[in-house]
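Here is a short briefing to read alongside the model.

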Amino acid sequence: MHKLSIAELAAGLREKRFSSRELTQAYLKRIDSFDGAINSYVTVTAERALKQADAADARIAAGDAGLLTGIPLGQKDIFCTTGVRTACGSQMLDKFIAPYDATIVEKLDAAGMVMLGKLNMDEFAMGSSNETSFYGPVSNPWDKTRVPGGSSGGSVAAVAAGLCPVATATDTGGSIRQPAALTNLTGIKPTYGRVSRYGMIAFASSLDQAGVVARSAEDAAQVLQAMSGFDAKDSTSVERPVDDLVSGLGQSIKGLTIGLPKEYFADGMAPGVRARVEEAIATLTRLGVNFREISLPNSPLSVPTYYVVAPAEASSNLARFDGVRYGHRAEGAKSLEELYKRSRGEGFGAEVQRRIMIGTYVLSHGYYDAYYLQAQKVRRLIYDDFKRAFADGIDLILGPTATDVAFKFGQNSDDPVAMYLNDIYTIAANLAGIPAMSLPCGFVDGLPTGFQLMGNFFSEARMLNVAHQYQQATDFHTQWPTEYAS
Amino acid sequence: MSRIPEGWEAVIGLEVHCQLSTQSKIFSGSAIAYGAEPNTQASPIDLGMPGMLPVLNVDAVKKAVTFGLSVGAKIAPRSVFARKHYFYPDLPKGYQISQYELPIVFEGHLDIELEDGASKRIGITRAHLEEDAGKSVHEGFQKSSGIDLNRAGTPLIEIVSEPDIRTAAEAVAYLKKLHQIVVYLGICDGNMQEGSFRCDANVSVRKVGAPKFGTRTETKNVNSFRYVEKAIEYEIERQIEVIEAGGTIRQETRLFNPDTGETRAMRSKEDANDYRYFPDPDLLPVVCTPEYIDAIRGSLPELPDAKRARFEKDFGLSDYDAKTLTSSRELAAYYEAVVAASGAEAKLCANWVATDLLGALNKLSKDITESPISADALAGMLKRIADKTISGKLAKDVFEAMLNGEGSADDIIKAKGLVQITDESAIIAAIDDVIARNPQQVADYRSGKDKLFGFFVGQAMKATQGKANPDALNRLLKERLAG
């Protein structure tokens, strides 16, 4: 049952081949059996899930069901859930239970989806390996000695191991796409403002965007459809109707022009990854896509720009965790200053502290112009590169997602810069606010890798269609890690 | 008021925090009523809980623009919210959402009236929108403090003046004028005790003619006009003393103590926070189109200066009366309603409203909106003066009775039989009776003691229970006394 697509699961429910309760129980059983070794869930909400499943079954029986009604999912533990702890991978929020739901939680609940639990992640979504989580690292189902990528490591590991059919995730600099590539999944980060950020714990507000990791473009499209839309509670959400992401998936992609940025194909990519990406280009060419080399000249500046903007916003967003109203509070502080220092010192892990310090520094008096303001100007140039390409007849852009396949635990832990370079291909889309996705394109020494598509604002439907057509012509995305296949 | 010593000059700039009287907070739907139980008006947004996002209250923007247009300021077509960071328990997010580089209102001015009647223009550098912080509560706690976040997120405009003010008296005149305007506009309730209108004073001194400003101090939260005056006077005196004794002024924040009338150092510039301002990525820039600004301009109420000029011109009032009657929008409206409803002479109406009514309200510690006599009721009485039913003197009694809630002027006149006697034969009869009963005084009067005339008026009035028409009484009394 765990290998079925969302459409197949929905058909099974509709045709009463199984109930949502049975489906939910099957997944809960898998979590019980397998997650001890993977650590993808930080909280399993069995009771809540079964209640939702029963409600979904009632809706199905009453003929009041949508496509997603009764389908289980995992929620990244960055989305607030009423009555269920939302820890965001941090000791700071180890005991935090929000009195509100994130808008996307509300929307997916309303669609009738069944939340199996909350998924592990890097602390406050800061990391590319899921090694910074207070709840411990997550293993890559394809090789448990390797990382699943990050920050949505729990989301991808759970879907890749069949511990949920689909999962929500967030992407600030690649946190959906890079882990999707490392675990043979399809992950999409939509246009900034397409999915509400309300109730999603902020890392870097101008870059954060929620999305989906799934086992196919079709599954991703179906869930993203339900998550998307304007939300009056998020001032940066865009008031614009949501395109139909699902019904256009059968369209031909013949004659589309996809740009290949020469900067993305320069040195830096592992040879095996390069070979797989080039094969994907060949496949798409056979499907009638035209490829053209383009230039995104400012893309080498993405990483340094990002590591000014994101920490700056993070240092500000995380100022609220002061031990006063909620979250971790140090015991026995003698003064207000001591309360702040110790609560934050104890509650935040090393990577979060490092980014708060970088962010505080770049916003400080006398450094603001040199760092933050300068980074904002470069950000504009990076955006202009994309704008020029799309104005020049480019429908989508294709490149690698990650430089290499999943690395071993601890490999980059002592070298933050090496870790930061994991995001080299993914960051630009966040800085520009454009949608981007990663999808599987084969294996290197048995480990999965993926390629990335980027599109103009609100071109999710086109992007997903290209991905779907590619997946109709290939079977990489249908491969399972042996241990979890049956 | 103490004087600035010869050869010295003070330079003063004021920052006023004015709470906007919107229904809800600037970035959340919570109510902003004063005095609610602690933390009952604090939503997850106000508490700065994880994942919560601000949504701008457009009414706060409208009120800020209304203010800007009323002080001749420019309205930014695009203004930007920025985060101002510091840690404090009453600041839930660890930053205050404010405006920094691009405020919504800039380059305005206010004309104040000096004691000698001259006018002086004080520049307004800017007015920006921001959220208020909460409050720390120390009473009722042992070894700890409470935090009340009801006030957190209340919309404010911070109005920053140019350093154009030279004396404490000018500072007070500026503040009073500003206060009057924001209350007139209905954008602030002006309640200084509840903190709706708060002032920080930047003060420095220098020798007259010195090219540069001296080092300034900022005195925080001086919450009455009198305290502002005292705090500034104290600060000027203190700074001059320090400099004359060979010392230097430290740039610092000071606190005013109303009990001693002194200010004391709170923190120096070295201890000041680096606020690390940057544009708030959760909020879009505030865009004010010319159409939007024009629509607000079109709905601005008449401001005090314009109203005062109109009262002088249209009603022929003295400058003093016009100023008094326009001191609040409600009072001016009351006065205009009295004039319109009574048809009586505008000057007469002004006397009754500005002198009798305000005097009575003052004794009752009430303001015009709480007046026991409505404008219509007062107009009813003025009608009876105008048509000579009652004299001005009788009117005082009617007015008293109205204050006591004894009914309308007509009811009271009828009930007390206060209708003026205009029948001359009745008046003559009374006069003749007085003359007959006071032969000695008549003789004295006729031999040149003119002052006794008042005595006869009084006696005759008494005889008519005060109801005689005073003009007729005077004329007839003169005739009869002449013999």
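A pocket here is an open set of points on a 1 Å grid over the protein atoms alone, with protein on both sides within 12 Å along at least five of seven lines, while a cavity is a set of points where a 1.4 Å probe fits but cannot get out; lining residues have an atom within 4 Å of a point. Grid points are joined across faces, edges and corners, and a volume is the space filled by probe spheres set on the points. This is a predicted model, in which local features need pLDDT of at least 70, side-chain atom pairs count only at pLDDT 80 or more, and totals for chains, interfaces and linings use all residues. Residues are numbered from 1 along each chain as its sequence is written, chains are lettered from A and ligands numbered from 1 in the order in which they are written, and side-chain values use heavy atoms, with hydrogens and water left out.

**Domains and the pocket between them**

- Chain B is divided into domain 1 (8–294), domain 2 (302–416) and domain 3 (424–482), with bounds from an automatic or database domain assignment.
- The centres of domains 1 and 3 of chain B, taken over C-alpha atoms, are 66 Å apart.
- The second largest pocket has a volume of about 1,200 Å³. Of its 39 lining residues, K176(B), K177(B), Q180(B), K323(B) and S327(B) are the closest to the centre.
- Because domain 1 and domain 2 of chain B both give residues to the lining of the second largest pocket, this pocket lies between them.
- α2(B) gives the largest share of that lining, 10 residues. Helices are DSSP runs of H or I with at least four residues, strands are runs of E with at least two, and both are numbered from the N terminus.
- The lining of the second largest pocket divides into 14 nonpolar, 10 polar and 15 charged residues. Ala, Val, Leu, Ile, Met, Phe, Trp, Tyr, Cys and Pro count as nonpolar, Asp, Glu, Lys and Arg as charged, and the others, Gly among them, as polar.

**Cavities**

- Searching the whole structure gives 5 cavities of 30 Å³ or more.
- The largest cavity has a volume of about 140 Å³, and the closest of its 17 lining residues to the centre are I45(B), D46(B), K93(B), I97(B) and E131(B).
- Its lining holds 10 nonpolar, 1 polar and 6 charged residues.

**Sheets of chain B**

- An open sheet of 9 strands with mixed pairing runs β2-β6-β7-β10-β1-β11-β12-β13-β14; two strands pair if DSSP finds at least two bridges between them.
- β2 (74–75) and β14 of chain B stand at the edges with a single partner strand each, so one side of each has no neighbour in the sheet.
- β13 (252–257) and β14 (262–268) of chain B run antiparallel, joined by 6 bridges, and N257(B) stands opposite E262(B).
- These two strands form a hairpin with 4 residues between them, where G261(B) in the turn has a positive phi of about 75°.
- A second open sheet has 3 strands in the order β5-β4-β15 with antiparallel pairing.

**Interface with chain A**

- In chain B, 30 residues contact 37 residues of chain A, with contact meaning heavy atoms within 4.5 Å.
- About 2,800 Å² is buried between the two chains, 60% of it from carbon and sulfur atoms. Buried area is the accessible area (1.4 Å probe) that two parts lose on being put together, summed over both.
- P50(B), F87(B) and R276(B) supply 22% of the area that chain B buries against chain A, more than any other three residues.
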